[in-house]
Amino acid sequence: MKLQILVPQHTETDDIVKVLLDSISMQQTIDFGEVGVIICNDGTDVHLSREMLDSYPFEVQYHLERKRGVSGTRNACFDHSEADYVMFCDADDMFCDACGLYVVFREINNGGFDTFVSCFREETKDPDGNSIYINREMDSTFVHGKVYSREFLVRNRIRWNDDLTIHEDSFFNILARELTGQHGFKYYPAPFYLWKWRDDSVCRHDKKYILKTYNNLLDSNDALISEFLSRGLMDKASFYVATMTFDAYYTMNKPDWVNQENQTYRNATERRFKRYIESHYDLWNAVPMQVKMHISRQVRDRSIDEGMQMEAVTIGTWLDHVRSLA
């Protein structure tokens, strides 16, 4: 089998998972004998019906696992896989293009790849509740629209970090991308994966989601730095320390973070960042100034697009402030 689509299932019911499976069954000009789906239940009592799973022209494996969280359940899916390539999907998403898998198989048959990344489409809502669709560029924050060679992942010991349940995608995707050689990477500029809207999605509805979970992003980056160091990849560890540092600096210059109503979140994040930068200060100092300037421009441009208005203090002053916190 050439491709298996790996899906963790928590409380998603038949009607939700059916949308994803239906979208796979509508893919054009592919051999469904070369496609399989592996769904692992994350230790919940919400079980999918065998009747529904057996109604498709491709193999659907369903495994009941112990409670492991999203990262552990994705690892469980991967451990059951045997295909040449794997793609991680969320149970409440879908393919939005009937030719998406044709493109993936075309690249597989045209020499293969270690990592294949496409942009993806996000469904959001306007104030009246109407769906709006936004194209998102390739982004390590999301698992969406990415396909990996299984042999590449096994050979490089790339797995989801079981300790991460929020911002876990960043750890996995960045690690895989950085271990992919130049000739093993392929990019497709059109979206075929849809990140669907869900009314009960916390990260979509809670306006303070980033404020509340930024510490988890630091945890994810901390784990990534440790992984790079364990592999002797000092340059990559230093680069991502600098990227995280500039991200934290510019993030805390955004209006929400400056707002006194969110001071509790800001204080907690600054103290968490103090632990982070104290652990990695030597790596931060090892980054050449020219590289820091390049990273700064990239992160600043993105932050301005997200609503940052101006820097309240220089990054040097801010780092001194954070490191002086009790």
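Two directions that differ by 65 to 115 degrees count as roughly perpendicular. Keep that range in mind for the first of these close-up views, which come from a predicted model.

**View 1. Helices α11 and α13 cross.** Helix α11 covers residues 263–286 and helix α13 covers residues 315–323, and the two pack with their axes 8 Å apart. How do they lie relative to each other? Their angle is about 105 degrees, so α11 and α13 are roughly perpendicular to each other. On the α11 side, the contact is made by R266, E270, F273, K274, I277, E278, Y281 and W284. On the α13 side, look for I315, W318, L319, H321, V322 and R323. Sorted by class, this contact holds 8 nonpolar, 1 polar and 5 charged residues.

**View 2. Seven strands line up in an open sheet.** Follow the 7 strands across in the order β3-β2-β1-β4-β9-β6-β10, and you will find that their pairing is mixed. Why is one side of β3 and one side of β10 left without a neighbour in the sheet? β3 (59–65) and β10 (185–188) stand at the edges, so each has a single partner strand. From one strand to the next, the twist averages 20 degrees.

View 3. Helix α1 (residues 14–25) touches β1 (3–9) and β2 (35–42), and its direction makes about 170 degrees with that of β2. Helix α6 (residues 168–178) also packs on the sheet, where it touches β4 (85–88), β6, β9 (146–149) and β10. The direction of α6 makes about 55 degrees with that of β9.

**View 4. Strands β7 and β8 form a hairpin.** Strand β7 spans residues 120–125 and strand β8 spans residues 131–136; their pairing is antiparallel, over 6 bridges. At F120, the residue standing opposite is R136 in β8. Which residue of this hairpin takes a positive phi? Check G129, where phi is near 85 degrees; the hairpin has 5 residues between the strands.

**View 5. Strand β7 also pairs with β11.** As a reminder, strands of a sheet pair through backbone hydrogen bonds, either parallel or antiparallel. With β8, strand β7 is antiparallel, whereas β7 and β11 (residues 193–195) run parallel, joined by 2 bridges. Look for E122, whose bridge partner in β11 is W195.

Technical notes: Residues are numbered from 1 along each chain as its sequence is written. This is a predicted model: local features need pLDDT of at least 70, side-chain atom pairs count only at pLDDT 80 or more; totals for chains, interfaces and linings use all residues. Side-chain values use heavy atoms; hydrogens and water are left out. Two strands pair if DSSP finds at least two bridges between them. Helices (H or I, at least four residues) and strands (E, at least two) are DSSP runs, numbered from the N terminus. Axes are lines fitted to C-alpha atoms, for helices over the stretch in contact, and angles run from 0 to 180 degrees between N-to-C directions. Contact means heavy atoms within 4.5 Å. Angles under 35 degrees count as roughly parallel, over 145 as roughly antiparallel, 65 to 115 as roughly perpendicular and the rest as oblique. Ala, Val, Leu, Ile, Met, Phe, Trp, Tyr, Cys and Pro count as nonpolar, Asp, Glu, Lys and Arg as charged, and the others, Gly among them, as polar.
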